[in-house]
Amino acid sequence: MSSSYSVSLAGPAPWGFRLQGGKDFCLPLTISRLTEGGKAVKAGMNTGDIILSINGISSEGMNHLEAQNKIKACTGNLSLTLKR
């Protein structure tokens with residue numbers, strides 16, 4: 001069973017998660033690692049969650065660097081829609 005959910009992390013970085021995948025890897029953008037006690041863990045994110053959108057922009061078709069840059073560009077709140 002998969003369900004999507006949204007989180008909003010208050011900035012600034014670090015956000016407390018590591019990304020893997022992207023269009024260039026032919027894999028969905030996925031949370032590969034969480035920092036213990038970090039913002040992502042406190043928001044309820046899990047490793048293996050797939051990122052559907054970053055700040056309202058669909059991550060479908062994004063390569064790894066594009067996604068990374070969108071996340072790095074966030075200085076205030078980082079809003080993610082994820083699928084578990």
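Colleague: What makes up residues 11-84, and how far apart are the end C-alpha atoms?

Modeller: In this predicted model, the span is 18% helix and 38% strand, and its end C-alpha atoms sit 23 Å from each other. The label on residues 11-84 comes from an unreviewed UniProt entry, where the annotation reads "domain: PDZ".

Colleague: Why is the pair Arg84 and Asp49 called a salt bridge?

Modeller: The cut-off is a side-chain nitrogen of Lys or Arg within 4 Å of a carboxyl oxygen of Asp or Glu. For Arg84 and Asp49 the closest N and O atoms are 3.3 Å apart, so the pair counts as a salt bridge. By that rule the count comes to one salt bridge.

Colleague: What does the pair tie together?

Modeller: Arg84 lies in the segment after β6 (77-83), and Asp49 in the loop between α1 (39-42) and β4 (50-54), so parts 35 residues apart in sequence are tied together.

Colleague: How do you know whether Asp49 is buried or exposed?

Modeller: Buried means under 20% relative accessible area. Asp49 has 2%, so Asp49 is buried.

Colleague: Which residues is Arg33 in contact with, leaving aside neighbours within four places in sequence?

Modeller: Gly16, Phe17, Arg18 and Thr47. Contact takes heavy atoms within 4.5 Å. Arg33 itself is in strand β3 (residues 27-34). Arg18 is 15 residues from Arg33 in sequence, yet their C-alpha atoms are 5.0 Å apart.

Technical notes
Residues are numbered from 1 along each chain as its sequence is written. This is a predicted model: local features need pLDDT of at least 70, side-chain atom pairs count only at pLDDT 80 or more; totals for chains, interfaces and linings use all residues. Side-chain values use heavy atoms; hydrogens and water are left out. UniProt positions are given in the numbering used here, feature names are shortened, and annotations may be inferred rather than shown by experiment. Helices (H or I, at least four residues) and strands (E, at least two) are DSSP runs, numbered from the N terminus. Buried means under 20% relative accessible area, exposed over 50%, partly exposed in between (1.4 Å probe, protein chains only).
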